[in-house]
Amino acid sequence: MPFVNIKTPEAALSVAQKEEIGHRVTELLVEYFSEAARAHTMVLIEEVKDGGYYRADRPFTIPQDYRAKG
């Protein structure tokens, strides 16, 4: 069973963007593994809270300009 785990900052993606990513990743895996993989493919998009991870040795907070709109 193909399994993809994507971690992204909280509120960086809209619901529609997450749906699109799920669809496109599934399509990519079907291209590699065949149509039989579609029913068993899982795409998990985890949102990490601001300050929940570090970049350049500092807590990361997503800038307002990068937050999903709408």
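Me: Before anything else, what counts as a salt bridge here?
Reply: A salt bridge is a side-chain nitrogen of Lys or Arg within 4 Å of a carboxyl oxygen of Asp or Glu. E46 and K7 form one, with their closest N and O atoms 2.6 Å apart.

Me: Where do E46 and K7 sit?
Reply: E46 is in strand β2 and K7 is in strand β1. They are 39 residues apart, so the pair links distant parts of the chain. K7 counts as exposed, at 56% relative accessibility, while E46 is partly exposed at 28%.

Me: What kind of model is this, and what pLDDT does the protein average?
Reply: The model is predicted. The protein averages a pLDDT of 91, and 99% of the residues score at least 70.

Me: Where is confidence lowest, and where is it highest?
Reply: The lowest is in strand β3, residues 54–55, with a mean of 85. The highest is in helix α1, residues 15–33, at 97.

Me: Back to β1 and β2. Do they run parallel or antiparallel, and how many bridges join them?
Reply: They run parallel, and seven bridges join β1 (residues 3–9) to β2 (residues 42–48). Between the two strands the chain passes through α1, and this β-α-β crossover is right-handed.

Me: Which residue in β2 does T8 stand opposite?
Reply: E47. T8 itself lies in strand β1.

Me: Is T8 buried or exposed?
Reply: T8 is buried, because its relative accessible area is 10% and buried means under 20%.

Me: What is T8 in contact with, leaving aside neighbours within four places in sequence?
Reply: The contacts of T8 are L13, I45, E46, E47 and V48. E46 is also the salt-bridge partner of K7.

Me: How many salt bridges does the structure hold?
Reply: Seven. One of them joins the side chains of E20 and R24, at 3.1 Å from N to O.

Me: Where do E20 and R24 lie?
Reply: Both are in helix α1, four residues apart, which is about one turn of the helix. E20 is partly exposed, with a relative accessible area of 42%, and R24 counts as exposed at 56%.

Me: Which salt bridge does R38 make?
Reply: The side chain of R38 meets that of E27, at 2.6 Å from N to O. R38 lies in the loop between α1 and β2 and E27 in helix α1, so the pair ties together parts eleven residues apart in sequence.

Me: Are R38 and E27 buried or partly exposed?
Reply: R38 is partly exposed, with a relative accessible area of 30%. E27 is partly exposed as well, at 27%.

Me: Which residues do salt bridges with shared partners join into one network?
Reply: E27, E35 and R38.

Methods. Residues numbered from 1 in each chain as written. Predicted model: local features only at pLDDT ≥ 70, side-chain atom pairs only at ≥ 80, totals over all residues. Heavy atoms only, no water. pLDDT = per-residue confidence, 0-100. Pairing = 2+ DSSP bridges. Right-handed = clockwise from strand over helix to strand, strands pointing away. Buried < 20%, exposed > 50% of the residue type's maximum accessible area, 1.4 Å probe, protein only. Contact = heavy atoms within 4.5 Å.
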